[in-house]
Amino acid sequence: MGGYISFAGAHRLLDAGISGPENLQKVSASSVSAILIASLMRTILFIAALGVVWQGISLGNENPAAVVFESAAGKIGYRIFGLVLWSAAITSVVGSAFTSVSFARSIHPLIEKYFRQIIISFIILSTVVFLLVGQPVKVLITVGAINGLILPFALAIILLAAWRKDIYKEYRHPKWLS
């Protein structure tokens, strides 16, 4: 789980006006379905990789994920891998841009006024940085390490807020979820 992903769903629900105790069931259903879909996809990809490795095929160091797809389905598999990777990348960029700018919404009225334009600028800036830096594997590892440091603090803040009675007057967060 990435750092921004923890907040992306909540930000989208808030943006759609879905909040408050009356929507708790809708929010819970949304989060559970997202977790199940992500878990299913990861399980399918793991089983596919396991099947390829089980056949004795070496994944190599250059692009091990692409080798899984190519070994399973040849050149078409390699192209499917490209489509899967592009889909994951574009949804991550859009999701992280939306969530990052959402955090800043309350800082200044101009951010709210130009919300969409700022998101688009964020995506363009991210693209330029990627083109200048390159090395996607190193970038992913670095960002993953940073997320690993940030996520525990963010989660702690969320859990502490969930237990504050002055924030959530009617809602009681289940102890087993904490």
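## A tour of the helix packing

The crossing of H3 and H5 is right-handed (a crossing counts as right-handed if the near helix is turned clockwise from the far one by less than a right angle, and left-handed if anticlockwise). The model is predicted: local features need pLDDT of at least 70, side-chain atom pairs count only at pLDDT 80 or more, and totals for chains, interfaces and linings use all residues. Residues are numbered from 1 along each chain as its sequence is written, and side-chain values use heavy atoms, with hydrogens and water left out.

**Stop 1: H3 and H5.** Select residues 64–104 for helix H3 and residues 115–133 for helix H5; helices are DSSP runs (H or I, at least four residues) numbered from the N terminus. Their axes lie 9 Å apart, at an angle of about 130 degrees. Axes are lines fitted to C-alpha atoms over the stretch in contact, and angles run from 0 to 180 degrees between N-to-C directions. H3 and H5 are therefore oblique to each other (under 35 degrees counts as roughly parallel, over 145 as roughly antiparallel, 65 to 115 as roughly perpendicular, the rest as oblique).

Next, display the side chains at this contact (heavy atoms within 4.5 Å).

**Stop 2: the core.** Select Ala97, Phe98, Val101, Ala104, Ile111, Phe115 and Ile119, the 7 residues of the largest nonpolar core. Such a core is a set of buried Ala, Val, Leu, Ile, Met, Phe, Trp, Tyr and Cys residues joined through side-chain atoms within 4.5 Å. H3 gives the most to this core, with 4 residues. Centre on Val101: leaving aside neighbours within four places in sequence, Val101 touches Ile111, Phe115, Ile118, Ile119 and Phe122.

**Stop 3: two single residues.** Ser96, in helix H3, counts as buried because its relative accessibility is 18% (buried is under 20% relative accessible area, exposed over 50%, partly exposed in between, with a 1.4 Å probe and protein chains only). Ile157 belongs to helix H6, residues 136–162, and counts as exposed at 59%. From Ile157, the C-alpha to C-alpha separation to Leu59 is 40 Å, across 98 residues of chain.

**Stop 4: H2 and H3.** Finally, select helix H2, residues 24–54, whose axis is 9 Å from that of H3 at an angle of about 70 degrees. That makes H2 roughly perpendicular to H3. The crossing here is left-handed. Leu45, Ala48, Ala49 and Val52 of H2 meet Val68, Phe69, Ser71 and Ala72 of H3.

Conventions. Helix = DSSP H or I, 4+ residues; strand = E, 2+ residues; numbered from the N terminus.
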